[in-house]
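Open the model in your viewer and get your selection tool ready. We will go from stop to stop, picking residues as we go.

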There are 2 protein chains.
Amino acid sequence: MEPLAESEPFLITARWVLPVTGPPIEDGAVLVRGDRIAAVGRGRDIGGRPEEGRGPRSLSRLDLGDAALLPGLVNAHTHLELTILRGRCEEVEFFPWIRRVTEARFRKLEAADLVSSARWGALEAVRGGVTTVADTGDAHVVLQALADSGLRGIAYQEVFGPDERECHERLKALETALDAARGLATPRARVGISPHAPYTVSAALFREAARLALERRLPMAIHAAESRAERDLLREGAGPFAAFLAGRGISVQARGVSTLRHLADNGVLEARPLLIHAVHTGVEDWDLIRDSGCSVAHCPKSNAKLCHGIAPVLEWLARGLKVGLGTDGPAGNNGCDLLEEARFGALLQRARPGASVEDIRRLDARAVVRLLTLGGAEALGLDAEVGSLEPGKLADLTAVRLAGPQLEPGGDPETTIVFAASARDVVLTVVGGRVLFHDGRVATIDEDAARAALQRAAVKLGR
Amino acid sequence: MEPLAESEPFLITARWVLPVTGPPIEDGAVLVRGDRIAAVGRGRDIGGRPEEGRGPRSLSRLDLGDAALLPGLVNAHTHLELTILRGRCEEVEFFPWIRRVTEARFRKLEAADLVSSARWGALEAVRGGVTTVADTGDAHVVLQALADSGLRGIAYQEVFGPDERECHERLKALETALDAARGLATPRARVGISPHAPYTVSAALFREAARLALERRLPMAIHAAESRAERDLLREGAGPFAAFLAGRGISVQARGVSTLRHLADNGVLEARPLLIHAVHTGVEDWDLIRDSGCSVAHCPKSNAKLCHGIAPVLEWLARGLKVGLGTDGPAGNNGCDLLEEARFGALLQRARPGASVEDIRRLDARAVVRLLTLGGAEALGLDAEVGSLEPGKLADLTAVRLAGPQLEPGGDPETTIVFAASARDVVLTVVGGRVLFHDGRVATIDEDAARAALQRAAVKLGR
């Protein structure tokens with residue numbers, strides 16, 4: 001199920017085209033040839049008008065009318081395979097929450113169930129204008145969903161192992177999982193490695209995973225500095241994670257350092273991981289992130305839902321860190337609407353005590369559209385290929401309608417997209433020149449069949 | 001244009017019915033007779049099955065399938081007439097923002113433009129499942145939009161007047177506006193008074209407005225304790241509002257008190273106003289609010305957008321204050337999606353430093369659904385008539401679909417509504433037994449005509 005690029009070049013026109021690397025273009029157009037963008041500009045300059053005999057006669061055209069066409073949205077962190085847990089892990093603290101999630105995933109569901117779950121999550125992404133997902137989970141499962149849906153992405157194979165004594169065994173399991181995933185990997189859907197988090201991965205396993213990532217040139221992602229519980233474990237060897245590990249006979253030590261320092265001390269930052277969350281970070285951590293060439297996946301709604309606090313996004317941006325936006329998985333966030341995620345993230349920064357207008361201008365609607373697209377691509381190291389509308393880049397496109405009682409009048413298109421639009425207002429999703437979603441219909445996945453498979457799997461979770 | 005209650009009783013069935021005053025009912029039904037709810041319960045108990053010969057044969061039926069039927073949403077604070085300013089007042093601080101809004105409203109737009117604007121805002125409300133709006137603005141304008149749309153509401157006539165010397169004149173203008181509005185008022189669309197805010201209303205005018213409200217038994221609403229600028233004006237006689245007033249020759253004094261104390265000292269709390277925002281309030285203020293029988297309209301997204309901070313909602317609820325949720329106007333909030341507003345408000349409380357799971361359980365999905373409905377009705381003093389599904393109450397109903405890639409699987413219906421659904425997922429809006437919205441179509445307003453009128457008015461604002 002490789003992407004079927006349209007055989008003929010086609011032209012998409014819209015009231016606004018947002019290249020992101022340049023100013024918005026009114027009455028704009030994007031010419032797609034194969035899986036690439038061939039041209040971006042004013043509609044009359046690129047496509048001509050067929051009735052005037054200008055422009056190629058054979059050109060297929062799609063006029064989106066009162067909509068904004070922009071680079072496809074990049075979801076810098078999600079867990080597609082856990083879509084089935086949406087709404088099932090509510091109102092609990094982080095520690096029992098993650099226990100509940102892992103128990104459902106590893107004890108109740110089989111690989112086929114996880115594939116159904118991931119496919120349903122991919123459907124939500126495609127409908128919501130997401131073109132690239134960075135997913136941590138079981139790579140073999142996630143790659144199937146990426147193949148089925150046509151999405152671009154990185155499937156970071158997760159590895160767990162808090163017990164140093166099991167390091168070798170866990171590393172072998174990781175290599176086996178990577179071998180199993182290899183057959184499904186393509187240039188569009190790549191494999192990576194994700195040593196899960198400092199409270200589930202020993203220092204030794206972190207070192208080995210980083211070595212493997214560097215050796216095989218695989219991208220890496222880590223849940224890092226997410227919770228107070230993680231901070232308490234690393235700094236003081238205390239808190240619920242410490243108690244849990246000690247209860248399983250695993251040695252726990254007070255390291256007296258931040259998560260970032262811990263990762264740096266173990267050589268992990270050399271693999272330039274994507275750091276997921278990074279809420280509990282300070283000036284020294286930000287310098288480490290930037291100077292080591294790492295990046296951040298910012299998940300504001302998940303951070304809020306699980307009481308982790310407000311991440312220092314304004315500080316990151318002021319220091320030039322690479323930042324993308326992520327919905328995190330539906331087990332925590334529930335709705336994976338990346339436009340709402342961006343709006344929530346921007347408003348949350350404004351709600352911080354002492355937020356000034358100078359601060360928030362650094363996170364205005366245009367800056368947020370950049371985070372949603374090019375920012376995410378930079379965070380994933382994919383910005384040479386996607387994240388902006390430029391000739392030669394891959395044709396990953398999203399369109400958001402600007403008309404309707406919830407959107408009009410809307411000021412400039414970026415303001416409407418960031419402060420008023422919803423995933424429900426997405427009207428087009430294109431990945432590598434292939435139309436995945438248009439006119440309310442997903443082209444790649446049969447929704448009824450996908451729902452039926454999801455519901456069959458959900459039965460195993462009980463009520 | 002009074003509500004045309006259906007002439008025959010009709011039965012609405014849905015997978016879930018949420019009475020709010022009782023537990024969710026699976027496969028539930030609501031029987032509507034005239035403008036009232038006649039029965040609420042299991043579908044098989046109320047409606048019978050026509051094919052079995054049970055239940056009234058003549059009963060019209062509407063089966064919503066996989067959806068939740070709940071009391072109509074109550075938007076406890078908005079400015080319908082400012083819908084036209086959506087997206088036009090971005091990235092500025094509160095003081096220049098409010099100057100920009102008032103300039104557009106009073107200098108550039110005429111009454112007919114404001115009616116077009118308010119009608120368009122009413123359309124958004126109806127589509128988003130709102131059945132009652134509490135609006136502050138020009139009551140005559142807002143009542144027209146309520147009449148056209150079929151919405152229930154209170155149109156609080158705003159009065160401004162920071163200069164004590166103009167108190168008499170401003171009061172006369174208020175009375176004239178109330179007289180003009182009287183002809184449009186109905187039991188469904190009532191008139192109230194809103195002395196705008198402590199920085200635009202003198203103490204004398206506050207006293208007179210409260211007297212008038214008590215004398216005429218009119219509900220009252222005040223923007224109170226919204227911003228740091230307001231706090232600085234009242235406590236210290238300083239800040240941008242003080243400078244502005246002094247520049248117009250209006251005497252400014254450091255009162256050294258909170259907004260709530262200022263209102264109490266001037267007898268305003270005796271009129272039991274709805275206090276809009278109340279962000280900058282402390283323990284003494286909360287006691288004043290509760291003990292005087294006032295209520296709060298909580299507008300979390302607007303508070304965040306304009307950098308006002310995070311309101312102490314958990315503290316309000318712990319003390320038993322009456323709280324409703326408001327979107328505020330589209331000039332600040334942009335999208336007036338009350339479901340998203342509720343989600344944002346709940347997540348914001350969890351993002352507060354030190355938020356614990358005990359705290360957030362007080363604001364779980366069920367509690368948030370209550371705020372959206374009965375909480376809002378209580379805040380507006382309308383809870384004897386609306387806000388829950390109970391026989392004898394007015395038939396104000398909203399239904400939200402529970403099916404689809406953005407919602408499934410969703411756990412319990414309240415969790416789906418609060419943490420995943422959008423205004424775009426509303427499938428039915430009924431006010432007083434009259435169907436205002438169903439199947440994607442608004443029954444009361446011609447959308448194309450409303451859009452054309454809005455666009456004509458918007459031309460006056462320039463680009």
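## Stop 1: a charged pair between chains

Start with B:Glu408, which is buried at a relative accessible area of 7%. Keep in mind that this is a predicted model. B:Glu408 and A:Arg451 form a salt bridge, with their closest N and O atoms 2.8 Å apart. This pair crosses between chains. On one side, B:Glu408 sits in the loop between strand E14 (397-401) and H17 of chain B. On the other, A:Arg451 belongs to helix H18 (residues 447-458) of chain A.

## Stop 2: the interface

Show both chains and look at where they meet. Here 62 residues of chain B are in contact with 61 residues of chain A. The area buried between chain B and chain A is about 5100 Å². Carbon and sulfur atoms give 54% of that area.

How many salt bridges are found across the interface of chain B and chain A? There are 6. Select A:Asp425 and B:Arg424 next. Their side chains meet in a salt bridge, at 2.5 Å from N to O. Between chain B and chain A, 22 residue pairs are in polar contact, both residues being at pLDDT 80 or more.

Now colour the helices of chain B.

## Stop 3: salt bridges in chain A

Over all chains, the whole structure has 64 salt bridges. Select A:Lys301 and A:Glu340. Their side chains meet in a salt bridge, 3.1 Å from N to O. A:Lys301 lies in helix H11 (residues 300-305) of chain A and A:Glu340 in helix H14 (residues 338-351) of chain A, so this pair ties together parts that are 39 residues apart in sequence. Both A:Lys301 and A:Glu340 are buried.

Move on to A:Asp163 and A:Arg165. They form a salt bridge too, and the closest N and O atoms are 2.8 Å apart. Are these two partners buried or exposed? A:Asp163 is buried, at 11% relative accessibility. A:Arg165 is exposed, at 64%.

## Stop 4: the nonpolar core

Hide the charged residues and turn to the inside. In soluble globular proteins, nonpolar side chains tend to be buried together. The largest nonpolar core here has 241 residues. The members that touch the most other members are A:Trp97, A:Trp316, B:Leu85, B:Trp97 and B:Trp316.

Zoom in on A:Trp97. Which residues does A:Trp97 touch, not counting those up to four places away in sequence? They are A:Cys89, A:Val92, A:Leu306, A:Ala331 and A:Gly332.

## Stop 5: the cysteines

Stay on A:Cys89, one of the residues that A:Trp97 touches. A:Cys89 is buried, at 4% relative accessibility.

Then select A:Cys299. This residue is buried, at 0% relative accessibility. The closest cysteine sulfur to A:Cys299 is again in A:Cys336, at 9.9 Å. That is too far for a bond. Now search everything: the whole structure has 0 disulfides over all chains.

Conventions:
Residues are numbered from 1 along each chain as its sequence is written. Chains are lettered from A and ligands numbered from 1 in the order in which they are written. This is a predicted model: local features need pLDDT of at least 70, side-chain atom pairs count only at pLDDT 80 or more; totals for chains, interfaces and linings use all residues. Side-chain values use heavy atoms; hydrogens and water are left out. A nonpolar core is a set of buried Ala, Val, Leu, Ile, Met, Phe, Trp, Tyr and Cys residues joined through side-chain atoms within 4.5 Å. Buried means under 20% relative accessible area, exposed over 50%, partly exposed in between (1.4 Å probe, protein chains only). Contact means heavy atoms within 4.5 Å. A disulfide is a pair of cysteine sulfur atoms within 2.5 Å. Buried area is the accessible area (1.4 Å probe) that two parts lose on being put together, summed over both. A salt bridge is a side-chain nitrogen of Lys or Arg within 4 Å of a carboxyl oxygen of Asp or Glu. A polar contact is a pair of N or O atoms within 3.5 Å; within protein, one must be able to donate a hydrogen and the other to accept it, and residues adjacent in sequence count only if both atoms are side-chain atoms. Helices (H or I, at least four residues) and strands (E, at least two) are DSSP runs, numbered from the N terminus.
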